[in-house]
Amino acid sequence: RIPVVAEESAAAGAKPDVSGGVFFLVDPLDGTKEFLNRNGEFTVNVALVRDHKPVLGVVAAPVLNLVYYGVAGAGAFVAHGGGAAQPIKVRHPAADPLVIVGSRSHRGDSLDSVLERVGAHEMRPMGSSLKFCLVAEGSADFYPRLGPTCEWDTAAAQAVVEAAGGSVTTL
């Protein structure tokens, strides 16, 4: 009874009624370029959205045998290779130098401009919503997304980051 909004169905013009304020948001293949390049850095993203906010998120990286999930008020977790889930939290304080994750496939001049202003940092290129997950687990400190994106690309990972104690903001 909960409507499902998926990237592919939305692109085809299917628009379920989400006026009830609760729906699932699904991206069955986030990181198409990573999938095509066979580097394993693509994900399957599922979020439960309530009143315009992702409150539950699952980000699965099948080739890497990783599943991240987060639930508002209950915490965030990662499971490796089908094993038991382990709790994760964002790193606080940030590392010195700052560890930044950025798109492997969409890097541009705007990211380079931000990196110049940040100062000393370590840059880790990564594909798909895994960048959010590295922040959530404390392996990275900052993920600047400067180009356009869609909710199905970010909602599940946002739920994971926020459940891990982090935040997702706009400029």
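The model is predicted, so local features need pLDDT of at least 70 and side-chain atom pairs count only at pLDDT 80 or more, while totals for chains, interfaces and linings use all residues. Residues are numbered from 1 along each chain as its sequence is written, and side-chain values use heavy atoms, with hydrogens and water left out.

**Asp-141**
- Asp-141 lies in the loop between helix H4 (130–136) and helix H5 (151–163), where helices are DSSP runs (H or I) of at least four residues, numbered from the N terminus.
- Asp-141 has a relative accessible area of 18% and is therefore buried, a class that means under 20%, with exposed over 50% and partly exposed in between (1.4 Å probe, protein chains only).
- The side chains of Asp-141 and Arg-91 are joined by a polar contact of 2.8 Å, that is, a pair of N or O atoms within 3.5 Å, of which, within protein, one must be able to donate a hydrogen and the other to accept it, and residues adjacent in sequence count only if both atoms are side-chain atoms.

**Aromatic pairs**
- The whole structure holds 3 aromatic pairs, defined by ring centres of Phe, Tyr and Trp (its six-membered ring) within 6.5 Å, with planes under 30 degrees apart stacked, over 60 edge-to-face and the rest tilted.
- Phe-35 and Phe-42 form an edge-to-face pair, because their ring centres are 5.0 Å apart and their planes stand at 85°.
- Phe-35 is partly exposed at 40% relative accessible area, whereas Phe-42 is buried at 11%.
- Phe-132 and Tyr-143 also pair edge-to-face, at 5.1 Å centre to centre and 85° between the planes, and both residues are buried.

Definitions and conventions
Helices (H or I, at least four residues) and strands (E, at least two) are DSSP runs, numbered from the N terminus.
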